[in-house]
Amino acid sequence: MQPPPTPLQIDIVSDVVCPWCIIGFKQLEQAMGATGMGAYVRWHPFELNPQMPPEGQNLREHLAEKYGTTPEQSRTARQRLTDLGDSLGFTFHYSDDTRMVNTFAAHQLLDWAAEQNLQHPLKMALFAAFFTEGKDVSDHAVLAAAAGAVGLDPAQARSVLDSGSHAEQTRAKQRVWLERGISGVPAMVFAGKYLVTGAQGAEGYAEVLRRCAAEAA
């Protein structure tokens with residue numbers, strides 16, 4: 001009897017406030033469905049705005065300051081993301097009050113969740129909390145509630161955040177990817193060797209999956 005094939009490993013460097021990260025993942029999901037390939041996904045920390053203050057910043061003001069985006073460009077971009085999300089089964093709820101926030105606490109919680117084998121559902125819950133529900137994913141109470149919703153102990157989650165027990169190793173993991181030259185997200189590494197940056201669409205990801213499957217065979 002042949003042993004079962006080893007699942008393909010996909011490492012995804014991302015931030016929970018990056019819309020293209022959830023879009024890229026949803027496209028990857030479509031690609032896995034189209035190719036019939038499963039994968040073991042590991043999420044890795046990246047902060048789009050490591051200097052973001054605790055109070056956060058209005059999203060439109062943030063985009064104008066960081067990229068020179070005009071109000072009209074911002075509206076167009078948000079509508080494009082909303083429409084794309086709808087086509088992929090993910091809901092973006094943008095408003096004029098949407099705020100960009102600091103995500104270091106969220107990454108610490110995801111690091112802890114990985115030890116409990118619940119990192120992936122927590123990552124999905126945090127994408128939904130920020131983009132769909134408009135919640136502040138820098139708030140420890142919001143993060144602990146998200147942890148509880150996916151089967152983690154919310155009191156333990158709150159302790160992880162309040163104590164900073166995973167801060168140092170989260171920073172170390174961030175440095176690993178920065179030192180490897182990752183400067184934008186999403187960045188996906190397939191089978192430890194194929195780096196794909198940006199949301200590449202279902203067919204783009206399917207091509208990489210087929211290549212990995214052919215090499216594994």
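Q: Strands (E, at least two residues) are DSSP runs, numbered from the N terminus; where does Ala-191 lie?
A: In this predicted model, Ala-191 lies in the loop between E5 and strand E6 (194–197). Its phi is near 55°, a positive value in a residue other than glycine.

Q: Is Ala-191 buried, partly exposed or exposed?
A: Ala-191 has a relative accessible area of 37%. Exposed means over 50% and buried under 20%, so Ala-191 is partly exposed.

Q: Which loop holds Asn-117?
A: The loop between H4 and helix H5 (119–132) holds Asn-117. Phi of Asn-117 is near 60°, again positive in a residue other than glycine. With a relative accessible area of 69%, Asn-117 is exposed. Most residues other than glycine have a negative phi.

Q: Turning to helices, at what angle do H4 and H7 pack?
A: Helix H4 (residues 104–115) and helix H7 (residues 154–163) pack at about 125°, and their axes are 10 Å apart. H4 is therefore oblique to H7. Their crossing is right-handed.

Q: Which residues make that contact?
A: H4 contributes Ala-105, Gln-108, Leu-109 and Trp-112, while H7 contributes Gln-156, Ala-157, Val-160 and Leu-161. By class, 6 are nonpolar, 2 are polar and none is charged.

Q: Which residues does the cis peptide bond join?
A: The cis bond joins Val-185 and Pro-186, with omega about 5°. Pro-186 lies in the loop between helix H8 (167–179) and strand E5 (187–190).

Q: Finally, how many disulfides are there?
A: The structure holds 0 disulfides. Cys-18, at 3% relative accessibility, counts as buried, and Cys-21, at 1%, is also buried.

Methods:
Residues numbered from 1 in each chain as written. Predicted model: local features only at pLDDT ≥ 70, side-chain atom pairs only at ≥ 80, totals over all residues. Heavy atoms only, no water. Disulfide = S-S within 2.5 Å. Buried < 20%, exposed > 50% of the residue type's maximum accessible area, 1.4 Å probe, protein only. Axes fitted to C-alpha atoms, helices over the stretch in contact; angles between N-to-C directions. Helix = DSSP H or I, 4+ residues; strand = E, 2+ residues; numbered from the N terminus. Parallel < 35°, antiparallel > 145°, perpendicular 65-115°, else oblique. Left-handed = near helix turned anticlockwise from the far one by under 90°. Contact = heavy atoms within 4.5 Å. Nonpolar A, V, L, I, M, F, W, Y, C, P; charged D, E, K, R; others polar.
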